[in-house]
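Good morning, and thank you for joining. Please look at the sequence and the structure as they come up, and we shall then go through some local features together.

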Amino acid sequence: MNGVGDGLDLKQWRYTYYPQMISGMLQFEKMKKWKFGYTLMTRYNSYYRFNHLETNRYDIYEQIPGEEAYVATYEYYNEIDEQWGGLGASYNLGKHVSVGVSAFASYRDQFFQQVLNARSVPNIDSIALLQGIGEYDNIKYINWKLIFKIGLALDYEKLRAGITLTTPSLDLYGDADVQREISLVNFGPYDNASGMLNLMLIDRQASLPINNKSPLSIAAGVQYKGSKTRIELSAEYFFGSNPTG
């Protein structure tokens, strides 16, 4: 709602599908207290694309009687895909208690682009026939990191509970390309040509190092299984992360 101004909404409808998780368990005859597992899962996937065109007439120049033509366009694109692949092992400490540890390799790919252009045309014959402002942002990066999990599980048939500690991510590799442009055309008072500003700023940097972080977290869950009812509760707390460290 109000994505690009009061009463100017941005909307999107999209259908997509992707595999949420592929996983399996392995157990060896000579290692009965041990269990091993593997998984490939989509940790996060999103796709947003919006665009809007606004054409209207406004009294932009107070010095000029009447309204001026106004045209503005806005485009927003953001796509994120994060995949996790992991291996894990658990050990049975007793009849009801087991512990486990797992390691995940995470790959994240993100592309972001934003474009804004706004222009106005005075309704008189003037040296400032067109005034405008524009901005272009483009960011693309990939990141590899490692995440480890340690867990404890209790199993009493009808009642099951568990707690998991997820370590902060360990950065392996990151690479980003960033570009930004800002432009101003005839920016200033319409009746003062010497005071008008024409400006264009363009900068692009490639192969920048990047570290996409996952913070320390702790999660707990409990399950009660009755004859006809199953109740499950879970919660996770995420600790803070230093964005510059």
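Is tyrosine 237 buried or exposed? Tyrosine 237 counts as exposed because its relative accessibility is 52%, where buried means under 20% relative accessible area, exposed over 50%, and partly exposed in between, with a 1.4 Å probe and protein chains only. Phenylalanine 239, with a relative accessible area of 36%, is partly exposed.

Before continuing, a word on the basis of these values. This is a predicted model, in which local features need pLDDT of at least 70 and side-chain atom pairs count only at pLDDT 80 or more, while totals for chains, interfaces and linings use all residues. Residues are numbered from 1 along each chain as its sequence is written, and side-chain values use heavy atoms, with hydrogens and water left out.

Let us stay with the rings. The structure holds 11 aromatic pairs; rings of Phe, Tyr and Trp (its six-membered ring) pair if their centres lie within 6.5 Å, and planes under 30 degrees apart count as stacked, over 60 as edge-to-face and the rest as tilted. One of the pairs is edge-to-face and joins tyrosine 237 to phenylalanine 239, at 4.9 Å centre to centre with 90° between the planes. Elsewhere, Phe28, Trp34, Phe36 and Tyr91 are linked by ring pairs into a cluster.

I turn now to the strands, which are DSSP runs (E, at least two residues) numbered from the N terminus. Two strands pair if DSSP finds at least two bridges between them. S5 and S6 run antiparallel and are joined by eight bridges. These two strands form a hairpin with two residues between them, and glutamate 157 in the turn has a positive phi of about 60°. Aspartate 155 has arginine 160, in S6, as its bridge partner. S6 is also joined to S9, again antiparallel, by eight bridges, and there threonine 166 is partnered by serine 217 of S9.

Finally, the largest pocket. A pocket is an open set of points on a 1 Å grid over the protein atoms alone, where a 1.4 Å probe fits, with protein on both sides within 12 Å along at least five of seven lines; lining residues have an atom within 4 Å of a point. The largest pocket has 49 lining residues, and the closest to its centre are Ser90, Gly100, Gly151, Ala153 and Thr164. Strand S3 gives the largest share of this lining, eight residues. Thank you for your attention.

Terms used: Helix = DSSP H or I, 4+ residues; strand = E, 2+ residues; numbered from the N terminus.
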